[in-house]
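Q: I have a new model open and would like to learn how to read its features step by step. Could you walk me through it?

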Amino acid sequence: MDARTRHEPRPRPGLALAIILTCQLMLMVDATVMNVALPRIETGLHFSASSLAWVLDAYTLTFGGLLLLGGRLGDLYGRRRMFTGGILLFTVASLAGGFATSAGFLLAARVAQGVGAALAGPSAIALLNSTFTEAKARVRALSLFAGMSSAGFAIGLILGGVLTEAASWRWVLFINVPFGLVAAALAPRFLKQPPRHDTRLDVTGAITATLGVGSLVYGLIHAADSGWGNTLTVAPIVVGVALLATFVLLQSTARNPLLPLHLFKDRNRAAAYANYLLGPAAGFSSFFFLTQYLQDVLHYSPVRTGFAFLPMATLVFSMSRLIPRLLPRFGPKPLTLVGTVLLVAGLVGFTRIGEHTAYFPGLLWPMIVMGLGMGMAFSPLMVLIMHSVRPEDAGAAGGTMQTLQQTGVSLGIAVLVTVAGNAARSHPATAVISSTTAALTGSAIVAALTVLVALTFKKIDR
């Protein structure tokens with residue numbers, strides 16, 4: 001028995017799953033935990049109304065833009081090592097962000113959090129895939145992972161409300177520190193190191209993708225303040241589209257691409273990737289507007305705002321527990337089709353809100369419908385994406401999925417901020433209500449596209 005074998009952790013799949021799920025929950029929570037705290041951050045650090053979106057986008061853009069590179073780094077240097085290192089960087093950046101004294105300081109910390117999350121995220125999925133090799137156990141683990149990802153967005157709103165109300169907005173960042181340190185300490189002891197795969201880093205591809213998405217989102221957010229005729233709106237959008245087109249071209253010819261295009265040859269995987277972009281753009285980005293509506297229009301406290309999303313979070317996670325039993329019986333198409341229709345219905349329900357909308361039934365019913373829809377629509381997608389993927393592609397497949405998810409959130413917020421800004425200028429007397437309903441209508445339209453994609457799924461082997 002060599003030294004490497006002696007130091008490999010004993011198989012503890014339950015504990016390994018708990019560590020990975022805790023990590024994923026922490027990364028996903030951080031995408032929305034700031035939402036409820038945004039009004040206080042805006043006042044405390046002197047953000048403008050439109051630039052406030054960068055508190056969210058600085059994290060999700062960096063996270064999404066570097067995920068493909070993070071997956072390849074895990075292949076090259078070891079997924080357990082990148083998982084641990086990414087969690088440590090995320091934890092340190094969270095601590096720094098909690099002490100931010102200016103808008104720039106906070107945004108820099110959010111960027112560093114995104115880098116850490118991009119290193120840890122793809123390795124988390126690859127570690128899950130290599131820990132659970134039996135088909136039913138893997139489907140269950142992947143469904144729980146997907147459910148934790150979806151529920152994490154809503155849990156972040158609840159946690160953000162409690163911490164902001166009870167202490168300060170700074171604690172929405174400080175709370176990551178103990179969980180991050182524990183996860184980083186336990187990972188080397190209880191996570192098995194999958195075999196490494198020789199590869200070369202596509203740094204050019206990573207830079208092109210990150211700058212392309214960042215430029216596109218910057219232009220869209222800038223349009224909310226300055227309109228579509230402004231040079232600083234049009235130029236970044238054109239540059240962003242050109243960079244993303246260049247990225248796809250580079251990937252088609254690269255020897256070790258960050259985004260292996262053959263992953264899209266499987267029809268189910270390609271459709272699942274499409275909905276991992278469109279779904280978050282529609283559903284999760286709507287939280288940005290709902291949290292501000294609850295506080296600015298209905299005058300909810302931060303903690304009351306957070307708990308308003310509890311039914312949604314509960315249903316999303318509950319549905320993820322049912323998916324492993326429903327998926328082999330019904331297949332992905334009926335589940336995702338029903339889920340996406342419910343998602344659209346929930347978002348349409350939100351477009352009816354007004355200045356005096358009561359939580360019940362005006363907000364509660366759309367949240368229940370939307371929670372059921374998100375749980376059914378998104379949980380099968382991870383199983384479809386990782387189903388039959390080759391071990392050497394596990395990091396890239398998982399990284400691509402998370403890249404599309406985070407990019408969808410970033411683009412969704414950017415587009416809807418622009419829609420909201422235009423509506424506010426057109427109806428100044430009812431600016432807040434008009435901008436919110438316009439943004440949520442846009443969310444419903446994007447969600448309708450996920451229904452069309454769901455129609456293309458085919459049944460997977462049992």
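This is a predicted model: local features need pLDDT of at least 70, side-chain atom pairs count only at pLDDT 80 or more; totals for chains, interfaces and linings use all residues.

Q: Which residues form a nonpolar patch on the surface here?

A: The patch consists of Tyr 77, Leu 201, Val 203, Ile 207 and Leu 211, and together they have about 430 Å² of accessible area. Helix α10 (residues 203-226) supplies the largest share, three residues. Tyr 77 is found in helix α4 (residues 53-77). With 39% relative accessibility, Tyr 77 counts as partly exposed.

Q: How many salt bridges does a search of the whole structure find?

A: The general idea comes first: side chains of opposite charge can pair when their charged atoms come close. In this structure the search finds two salt bridges. One joins the side chains of Asp 30 and Arg 110, at 2.8 Å from N to O. This pair links distant parts of the chain, with Asp 30 in helix α2 (residues 13-32) and Arg 110 in helix α6 (residues 103-131), 80 residues apart.

There is also a salt bridge between Arg 40 and Glu 165, whose closest N and O atoms are 3.8 Å apart. Here too distant parts of the chain are linked: Arg 40 is in helix α3 (residues 38-45) and Glu 165 in helix α7 (residues 135-166), 125 residues apart.

Q: Are Asp 30 and Arg 110 buried or exposed?

A: The cut-off to remember is that buried means under 20% relative accessible area, exposed over 50%, and partly exposed in between. Asp 30 has 0% relative accessibility, so Asp 30 counts as buried. Arg 110, at 1%, counts as buried as well. For the other pair, Arg 40 is partly exposed because its relative accessible area is 40%, and Glu 165 is partly exposed at 37%.

Q: What does Ala 58 touch, leaving out residues up to four places away in sequence?

A: Ala 58 touches Leu 107, Arg 110 and Val 111, and that list includes the Arg 110 of the salt bridge with Asp 30. Ala 58 lies in helix α4. Its relative accessible area is 8%, so Ala 58 is buried.

Q: How should I read a pair of aromatic rings, and how many aromatic pairs does the structure hold?

A: A pair of aromatic rings is described by the distance of the centres and the angle of the planes. The structure holds nine aromatic pairs. Take Phe 264 and Tyr 273: their ring centres are 5.0 Å apart and their planes stand at 45°, so the pair is tilted. Phe 264 is partly exposed at 31% relative accessibility, whereas Tyr 273 is buried at 1%. Elsewhere, Phe 284, Phe 287, Phe 309 and Phe 378 form one aromatic cluster.

Q: Where is the place of Pro 260?

A: Pro 260 sits in the loop between α11 (231-253) and α12 (267-282). At 4% relative accessibility, Pro 260 counts as buried. Apart from residues up to four places away in sequence, Pro 260 touches Arg 72, Asp 393 and Ala 396.

Q: Which residues is Gln 295 in contact with, leaving aside neighbours within four places in sequence?

A: The contacts of Gln 295 are Asn 35, Val 36, Pro 39, Tyr 300, Pro 302 and Thr 305. Gln 295 belongs to helix α13 (residues 286-296), and with 12% relative accessibility Gln 295 counts as buried.

Q: What about Ser 434: buried or exposed?

A: At 14% relative accessibility, Ser 434 counts as buried. Ser 434 is in helix α19 (residues 431-454). Not counting residues up to four places away in sequence, Ser 434 touches Ala 423 and His 427.

How values were computed. Residues are numbered from 1 along each chain as its sequence is written. Side-chain values use heavy atoms; hydrogens and water are left out. Helices (H or I, at least four residues) and strands (E, at least two) are DSSP runs, numbered from the N terminus. Buried means under 20% relative accessible area, exposed over 50%, partly exposed in between (1.4 Å probe, protein chains only). Contact means heavy atoms within 4.5 Å. Patches are made of residues with over 30% relative accessible area and no salt bridge: like charges are joined within 9 Å, nonpolar side chains (Val, Leu, Ile, Met, Phe, Trp, Tyr) within 5 Å. Accessible areas come from the Shrake-Rupley method with a 1.4 Å probe; for residues, only the protein chains shown count as cover. A salt bridge is a side-chain nitrogen of Lys or Arg within 4 Å of a carboxyl oxygen of Asp or Glu. Rings of Phe, Tyr and Trp (its six-membered ring) pair if their centres lie within 6.5 Å; planes under 30 degrees apart count as stacked, over 60 as edge-to-face and the rest as tilted.
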